[in-house]
Amino acid sequence: RSSGYRIADSTDYVNLYGGMVSAAGRASIPLSERFSVQFDGDLEAYIEEDGQSWEPLGLWLAGGHASWRDPARGLIGVFGAAGHGLQNEFDNISGPEIGYMLGAEGQIYFGDFTLYAQAGYADFEADNEPEGFVDGWFLRGVGRWFPSEDALVEAELAYGHTSQFVDGVDNGEIWNWGLQGKMRVSEALPLYAIAAYRGGYYDATTQGDDGSEHMVMVGVNVLFGADSLKANDRLGATLDLPRLPARSAPWGEGLD
């Protein structure tokens, strides 16, 4: 669980700013020596402070992964999720349909490093046009470095493209990026402190409008069933869900 501060801006609206909270839970279940499934739940919520008529409220995702893994070499698998990218439009929550995503993923392990790649298709409507991340595709890359068994530095970069971002017709190009550090803070408990930054850029390419956002966050993570962060990465709940499609959906209204 983490909390922080968020600043967002678009060419159609003045700055949005305020607090945010984020929570996630993951559980990995081995089915055999090499095969496993993992279940995920993610939540982001934004608390805006300026009372604008358009406000992204956050997102929720629920999904899972099925994968084959060799702890010495890497992992290959598939994932799927359903969820919502929520927005507040003139005090009414907009978002007539549950969104979904499907994709493939893989990891490569070497020494103290993990490389993680995902690619997939998603449909997250946020209005009746339809607009949002509609019939779009995305790519995501993550790099993890373990300077010790119980310390982690992680960087990520994601890109998405949709042809129905604004008004159901305008193209959208979306970038998300982030950096986080995680370190154990208790010898007695599996408790980890987190410090993170995330940024985003949302471009309605055929309309000429764009927006950006920046977040800084601190939080805590509790790890069960693994001896360390690195052991969890190679043997446990090492996977996560791409949040870009659901984050992008409310921006269609913000760039309209």
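This is a predicted model: local features need pLDDT of at least 70, side-chain atom pairs count only at pLDDT 80 or more; totals for chains, interfaces and linings use all residues.

Colleague: Let's start with pairing. How many bridges join S1 to S13, and do they run parallel or antiparallel?

Modeller: Strand S1 (residues 2–10) and strand S13 (residues 209–222) run antiparallel, joined by 9 bridges.

Colleague: How many residues sit between S12 and S13 in the hairpin?

Modeller: The hairpin has 4 residues between its strands, and Gly208 in that turn has a positive phi of about 85 degrees.

Colleague: Speaking of positive phi, what about Asp135?

Modeller: Asp135 is not a glycine, yet its phi is positive, at about 50 degrees. You'll find Asp135 in strand S9 (residues 131–148).

Colleague: New topic. How many cavities of 30 Å³ or more are there?

Modeller: The count is 1 cavity of 30 Å³ or more. The largest cavity has a volume of about 40 Å³.

Colleague: What lines the largest cavity?

Modeller: The lining is Ser28, Ser36, Val37, Gln38, Ser67, Arg69, Leu75, Gly236, Thr238 and Leu239. Strand S3 (35–48) and strand S4 (54–70) are the elements that give two or more residues to that lining. S3 has the largest share, with 3 residues.

Colleague: How do the lining residues divide into nonpolar, polar and charged?

Modeller: The lining of the largest cavity has 3 nonpolar, 6 polar and 1 charged.

Colleague: Now the core. Which residues touch the most other members of the largest nonpolar core?

Modeller: Leu61, Met101, Phe124, Phe133, Phe165 and Leu255 do, out of 24 residues in that core. The elements giving two or more residues to this core are S4, strand S5 (74–89), strand S8 (113–127), S9, strand S10 (151–166), S12 and helix H2 (244–248).

Colleague: Take Leu61, then. What does Leu61 touch?

Modeller: Leaving out residues up to four places away in sequence, Leu61 touches Asp40, Gly41, Asp42, Ala82, Gly83, Met101, Phe124, Leu241, Pro242, Arg243 and Ala246. Met101 and Phe124 are also among the core residues that touch the most other members.

Colleague: And Gly63, where is that?

Modeller: Gly63 is in strand S4. With a relative accessible area of 18%, Gly63 is buried, because buried means under 20%.

Colleague: What does Gly63 touch?

Modeller: Not counting residues up to four places away in sequence, Gly63 touches Gln38, Phe39, Asp40, Gly80, Ala81 and Leu241.

Colleague: What separates the C-alpha atoms of Gly63 and Met101?

Modeller: Those C-alpha atoms are separated by 9.1 Å, with the two residues 38 residues apart along the chain.

Key. Residues are numbered from 1 along each chain as its sequence is written. Side-chain values use heavy atoms; hydrogens and water are left out. Two strands pair if DSSP finds at least two bridges between them. On a 1 Å grid over the protein atoms alone, a cavity is a set of points where a 1.4 Å probe fits but cannot get out, and a pocket is an open set with protein on both sides within 12 Å along at least five of seven lines; lining residues have an atom within 4 Å of a point. Grid points are joined across faces, edges and corners, and a volume is the space filled by probe spheres set on the points. Ala, Val, Leu, Ile, Met, Phe, Trp, Tyr, Cys and Pro count as nonpolar, Asp, Glu, Lys and Arg as charged, and the others, Gly among them, as polar. A nonpolar core is a set of buried Ala, Val, Leu, Ile, Met, Phe, Trp, Tyr and Cys residues joined through side-chain atoms within 4.5 Å. Buried means under 20% relative accessible area, exposed over 50%, partly exposed in between (1.4 Å probe, protein chains only). Contact means heavy atoms within 4.5 Å.
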